[in-house]
Structures are given as C-alpha cells and as structure tokens.
Amino acid sequence: MGVTITDGSVSRVFPTVREVLALDPVRHGAPRLVAGEVGLDRRVRWVHVAEVPDIATLLGGGELVLTTGIGLPSDDAGLRAFIGDLAGVGVSGLVVELGRRYLDGVPRVMVAAAERHGLPLVELRRATPFVRITEAVHALIVDAQLTELRATEEIHQRFTELSVEGAEAGEVVRQAAELSGCPVVLENLSRQVLAYDPAGESAELLLDGWEQHSRRIRPEGRTAYDPDRGWLVTMVGARGQDWGRLLLRWPPGADLADGQSLSPPAASAPVPAPERAGAAPGQADAVPAGRGDSSSAPPTRLTILVERAASTLALGRLIRRDAEGLERQLHRTLLTALLDHSWPVDEVALRARALGVVLERRLLVGVVVRHRADHGGEDLARHRQPASSGPLVESGHPGELLDHADAGPARLRDLAEAAGQALREAGLTGLTSALDDQTVGVLLALPDAAAEERSLAAFAAALRRSRPDPPGRAAPSGRADSPGRADLSGRADLSGRADQSGRADLSGHADLSGRVDQLGRPGAPSRSDDALAPSARRRSVAGLLIAAGSGVGSLREARRSLIEARQVADAARRDRRDLPIFRLPHVGLAGLLHLLRDEPRVQTFVERQLGALLAYDAQHPREQLLGTLRAYLEQGRNKSAAAAAAHLSRPAFYERLARIGRILDVDLDSVDACLSLHVALLALEAIRTP
C-alpha cells in the first residue's frame with residue numbers, strides 16, 4: 001500500500017532498518033549488528049517471518065525477514081545462496097534469533113556474504129516474540145501512511161482553495177513554501193524569476209546569480225529531483241504549452257522529522273542503534289544516524305505538493321477574473337471568438353449586428369490601446385535579476401511583487417470604457433474590450449479605405465481627450481509618497497516627475513524639443529510646455545500607446561489585423577518616438593523579437609540555439625563565451641575586427657570560436673548557422689531586457 005517515488009526506491013513513509021532496530025520490542029531482544037551497516041537506512045516495507053531456505057521466491061523486496069534459522073541450509077554454499085537470494089530480491093535486512101539453531105552467533109559465512117551484499121544482518125541474543133516486532137513495525141507503517149495521507153489531503157485542500165479563488169502566482173508560491181518549509185521559485189523558460197518565497201532564508205543568497213544556477217539544474221523528466229543541486233523541479237503549463245518551471249529546494253541529506261513535517265529539520269537526532277559485533281557486551285555502539293540512497297530524495301509529499309502548485313499556477317493563468325458590464329462582456333466574447341476561431345464568422349457578424357455594430361461589407365481595422373509604462377506584475381516580474389537590480393519583494397507580501405494597484409482590472413476597465421467613449425465621440429462604430437491583462441482591443445468598422453487614416457486620427461485624439469489620467473502621473477513634481485523605490489528601468493523621467501509610489505517614470509520619455517502636441521493629433525500645431533496645462537502634459541503620448549493593424553476587407557481577416565495591432569503595440573513600448581498611432585512599418589526585427597519574448601516557442605528556440613553555450617558559461621563564469629559569439633556576429637563574422645572588439649589576441653579569439661563551435665555543434669563559417677545564432681542572441685537580449 002506504500003507510495004513510491006520516481007527513482008524506484010521505497011517511499012519514506014516506511015521506516016528504515018535503523019529505526020526498526022530502535023523499537024522497544026526489538027531492543028528487548030538485545031540486537032547486535034554483525035554485517036551490512038551500509039544498508040541500515042534501507043526502508044522496511046513489511047516484516048516477514050520465515051523458516052524455509054527458499055523464501056526469496058515469495059518476497060517482493062523491502063521486507064525485513066525474521067528467522068530462528070532452524071530451516072536454513074547446513075552447508076556454507078547453501079548459506080551463501082540463501083543470503084544472495086535475499087539480497088537479489090531486495091529485502092531490507094535479516095534478523096536471526098539465537099538459541100534454537102545458532103547458540104553463540106550466526107555462521108561466519110553468513111556474515112561474510114551479508115557484508116559483501118551490503119545486507120544488514122542482526123542477531124537477537126535474547127528470545128523475543130516475533131509477533132510483537134511485526135505489530136510494532138506495522139503500526140509504525142500505518143501511522144506514517146496516515147500522516148502521509150493527512151498531509152496529502154491538506155495539500156489538495158489548500159491548492160483547491162487557491163484555484164477556486166484565482167490566487168496570484170506569488171500567493172501560490174508562498175503557500176507552497178509555507179507547506180513545505182522550503183524555498184520555492186517560479187521561473188519562466190528563460191530562467192527568469194517570476195515569483196519566489198525564501199521560506200525564511202536569505203532572499204539575496206537564494207536569487208544571486210539565479211539564471212546561471214538554474215541552468216545547472218537539469219533533472220530528467222517532467223517532475224524530477226536533481227540530487228547534485230538539491231532542487232525538486234516540475235514544469236508549469238497547460239494545454240500542452242509549458243511556460244515555466246517551479247523549483248523547490250530540498251538539500252541532499254534533508255530528512256523528515258518523525259514523519260510529521262514536510263520541511264527538513266535543522267539537525268537530525270541520532271537513532272538508538274543496536275550493538276555491533278566486536279563491541280563490549282551491553283554496550284550500544286554508536287552507529288551514526290546516516291542516510292541511505294533513498295533518503296537523499298525528497299519525500300513523496302513534496303512531489304505531490306510541487307505538482308499541485310504547478311497545476312494551480314497553470315490554471316490561474318487561464319482564468320479571467322475581471323468583472324465587466326454586460327455589453328462589454330458581449331464585445332469581449334465577439335473579439336475573443338474572432339481571435340480564437342471559436343465561432344463561425346457569420347455568427348459573430350450576426351451577434352455584432354444585434355449590438356448595433358455592422359461588420360459586413362466594411363473595412364475592418366484592428367486597434368490596440370495600452371499604457372506604455374505598466375507598473376503591474378507583467379513589467380515588475382521582468383525586472384527579476386537580483387544581482388543587478390536588488391532583491392525582489394518576497395511573495396509573502398501580496399501586492400508588492402505583483403503590484404495590481406496600478407495595473408489591475410479596474411484600470412483596464414477604465415481604459416476599455418474610455419476607448420468605447422472615444423468611438424462614440426469620433427462618430428465611429430466597432431467592438432471594444434480588454435484583450436488581456438494589459439491591453440484593450442478595438443475593431444473599427446469603417447465605410448471604406450479612404451476613411452482609414454482620418455478615422456484613426458479622430459479616434460486617437462478623442463481617446464486622449466477622454467481617457468483618465470495615467471495612474472501614477474498625477475503627483476506633483478519631485479514628490480513621492482514612499483522613498484526607496486528605484487526606477488526599475490534605470491532611466492529617470494527628465495521632467496522630474498514621479499508616480500504616486502515614489503518610482504520614477506518607467507517610460508523614460510521626455511520632450512527634448514520642449515514642444516508637444518496637446519492632443520496628439522497629426523498636423524496639430526505645436527505649443528510650448530509653458531502654454532500647456534499640467535493635465536495636458538500628463539496626457540502626452542508618453543503615457544498612452546495606440547497601435548493599429550492593416551485594414552482588411554472581410555471579417556474572416558479581422559483576426560490578422562487585431563493580432564498585428566497587438567504585436568505592434570507590444571513592440572512599440574520600446575520605441576522612443578512620439579507617434580500618435582504606431583503601424584507595422586514602425587516595427588523592426590528587434591521590436592518583433594521583443595513582442596515575442598514571452599512566447600514559449602521563442603524561448604525554446606533560444607534555448608535550442610544557445611542553451612549549451614549558456615550552460616557552459618554558467619559552469620565557467622570566467623570565460624563567458626557568449627560575449628565572444630556576440631562580438632563575432634556583430635562584426636559581420638570578421639574575425640580580426642571581432643577580436644579587436646573583444647580585446648583579445650587573434651589566436652585566443654580563434655581558439656574561443658573553435659570552442660564555441662564544438663559546444664554548439666555548429667559551423668561558424670556558415671551564413672545560415674550564424675543567422676540563426678544572431679537571431680537567438682537578439683531574442684535573448686529581448687527576453688532579458690524589460
């Protein structure tokens with residue numbers, strides 16, 4: 001009835017041979033260990049009494065065999081075969097009661113055979129009812145299984161509640177750390193920390209150089225334990241799309257305390273040991289409370305815990321929790337149906353017409369609106385390199401790691417309502433709703449292509465007039481309500497303004513010319529900053545970003561326009577130009593990779609192209625061959641120029657290139673191979689750069 005862990009060893013709900021020998025009924029028999037000390041930490045799955053020599057054929061492994069020896073072979077070869085058969089089926093140990101067959105001790109040939117096989121062989125020098133031993137051990141096993149069951153039930157109940165409540169990632173990680181008593185880290189596929197809880201340990205030490213450390217943790221399997229690094233790892237994802245890993249630190253040698261706690265104890269108390277052969281009579285020789293091969297792995301409960309936590313994280317990513325009005329919900333349903341192909345386009349057109357939005361025989365233009373500087377979880381989570389930007393806020397403090405005060409559902413609903421109001425003010429029709437946690441989508445339905453640019457300009461101007469002030473931009477110049485929160489992007493707002501939480505403007509935009517279009521409309525006359533009211537300056541395009549896709553002539557193509565607009569909006573967040581509306585021609589390769597940086601397939605591509613080199617650099621931090629490869633590619637594969645740029649002699653540079661080629665198994669003289677590597681490098685920079 002025991003649970004097994006992935007490495008095939010017996011679950012730690014079962015006691016060890018060492019623990020069995022410490023039980024009172026066993027100690028009553030004056031046990032003495034005569035061989036197989038190395039196997040004292042084997043788990044005892046059951047206790048079996050046997051008096052026949054061929055008992056091995058009836059065993060399944062993990063049993064502690066009790067015998068008086070009356071049925072054992074009398075010859076040396078038979079005794080060797082008996083011990084070999086027991087070891088072959090994986091029994092945990094052999095206990096022989098003296099007095100019936102063997103008076104002074106078991107035969108030396110048994111001792112030698114048991115020592116050779118690492119099989120614990122124990123003598124009971126005093127008569128002991130075997131039934132008391134079996135009762136004590138089986139009661140211990142049942143109690144441990146009940147403890148395991150209660151712990152598993154608590155894990156199930158806790159994470160079920162989190163799933164129902166739609167808990168944020170930081171809360172899920174915090175609960176996992178609380179239940180296990182171990183540090184827990186959630187990272188994406190690029191080894192960047194999304195959330196963590198140090199479980200009372202030093203957060204700085206936990207996350208220092210995390211990416212390099214994480215790349216060394218490479219267990220095999222979807223859920224597995226890396227004993228060399230001491231981390232239990234499981235993949236996080238849903239619907240066949242993995243997007244991260246959940247890691248729980250269980251140092252090698254950690255063990256459970258009396259089967260009652262999931263967390264590793266600070267120190268392991270020694271288990272009373274039997275006397276060993278050669279010890280003085282009555283002297284309990286000190287056998288250290290060591291650990292065997294099975295005890296180095298984490299308990300089954302931790303495996304269950306990390307898998308349930310990963311499932312909760314994956315489910316939470318799929319759940320939409322923001323409440324919307326009925327009309328906005330219908331708009332969102334229709335836009336989602338277009339994006340997901342969940343409804344036929346004819347049905348979408350029919351339902352839209354019922355809402356007063358005619359989509360047939362119209363020029364359809366997808367538009368995405370978002371704030372350029374989001375202070376919510378998406379952006380803050382990307383600033384997760386503690387070595388350079390300081391430690392992240394522990395997940396045990398809700399609202400700090402994932403700051404939803406600024407970028408929460410209420411802010412998104414306000415922006416969606418402002419977009420709907422702008423449509424009405426500009427005399428336009430279309431569908432508008434939030435597309436995700438950061439963006440609002442609009443599908444404009446225009447009478448013809450000639451009205452496209454004019455209508456987009458009118459919508460943008462109306463939106464900037466009607467939208468609420470960007471959160472965090474209304475604080476007086478130079479003031480902040482809480483000190484000590486640095487500009488995460490490393491850029492200061494040149495205007496000297498700070499948001500309400502004391503952080504500098506993340507957008508980093510300043511009007512260098514001293515003139516700004518008050519309404520953001522193309523062709524509008526410029527005005528000096530002195531002539532603009534503070535509210536107008538706060539409504540500059542530095543705060544709001546509007547992107548539009550290509551116009552399409554049918555509803556079947558509307559999805560392409562919406563996706564294009566969303567991609568342009570994501571990429572334009574890195575663009576420093578003050579454009580009223582961003583279109584596809586404004587986005588280059590770097591922008592394309594930036595907008596795709598959270599796509600698991602892009603991260604997988606980067607890992608496939610550069611993973612071996614990144615892992616090598618993690619193992620050899622002084623060499624950093626990635627910089628050598630970057631210099632080579634940025635210099636157009638000109639080795640002499642690249643060596644000079646890398647400040648290396650040409651022989652040393654050539655040797656490094658050869659080593660890179662061997663590590664990546666590529667020909668660095670191949671244009672195609674270098675093109676793939678260069679794109680992967682650009683993608684890696686996009687992933688690492690917020």
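# Terms set against values

Biologist: A199 is located in the loop between β7 and α7 (203-207). What makes its phi worth a remark?

Modeller: The phi of A199 is positive, about 55°, although A199 is not a glycine. This is a predicted model, in which local features need pLDDT of at least 70 and side-chain atom pairs count only at pLDDT 80 or more, while totals for chains, interfaces and linings use all residues. Residues are numbered from 1 along each chain as its sequence is written, and side-chain values use heavy atoms, with hydrogens and water left out.

Biologist: Why is A199 called partly exposed?

Modeller: Its relative accessibility is 28%. Buried means under 20% relative accessible area and exposed means over 50%, with partly exposed in between (1.4 Å probe, protein chains only). The value for A199 falls in the middle class, so it is partly exposed.

Biologist: What makes α21 (residues 625-634) largely enclosed?

Modeller: Of the 10 residues in the helix, 7 are buried, so the rest of the structure largely encloses α21. They are L625, L626, T628, L629, A631, Y632 and L633. These residues pack against α20 (600-619), α22 (639-645), α23 (650-664) and α24 (671-688), where contact means heavy atoms within 4.5 Å. Helices here are DSSP runs of H or I with at least four residues, and strands are runs of E with at least two, numbered from the N terminus. Just after α21, G636 has a positive phi of about 65°.

Biologist: How do you know that A618 is buried?

Modeller: A618, in helix α20, has 0% relative accessibility and therefore counts as buried. Beyond its neighbours within four places in sequence, A618 is in contact with Q212 and R216. H213 is 405 residues from A618 in sequence, yet the two are 7.0 Å apart in space, C-alpha to C-alpha.

Biologist: Why do β7 (193-197) and β8 (223-226) count as edges?

Modeller: The open sheet of 5 strands has the order β7-β6-β10-β9-β8, with antiparallel pairing. β7 and β8 each have a single partner strand, so one side of each lacks a neighbour in the sheet. The twist averages 20° from one strand to the next.

Biologist: What makes β6 (residues 184-188) and β10 (residues 241-249) a pair?

Modeller: Two strands pair if DSSP finds at least two bridges between them. β6 and β10 have 5 bridges in the antiparallel sense, so they pair. N188 has G244 as its bridge partner in β10. Helix α6 (residues 169-180) lies across β6, β7 and β10, at about 35° to β7; axes are lines fitted to C-alpha atoms, for helices over the stretch in contact, and angles run from 0 to 180 degrees between N-to-C directions.

Biologist: Why is L149 called exposed?

Modeller: Its relative accessibility is 56%, so L149 counts as exposed. L149 lies in helix α5 (residues 130-165).

Biologist: How many residues does the protein chain have, and what share of them is buried?

Modeller: The chain has 690 residues, of which 50% are buried. It has 24 helices and 17 strands. Of the contacts between residues at least 6 apart in sequence, 68% join residues at least 24 apart.
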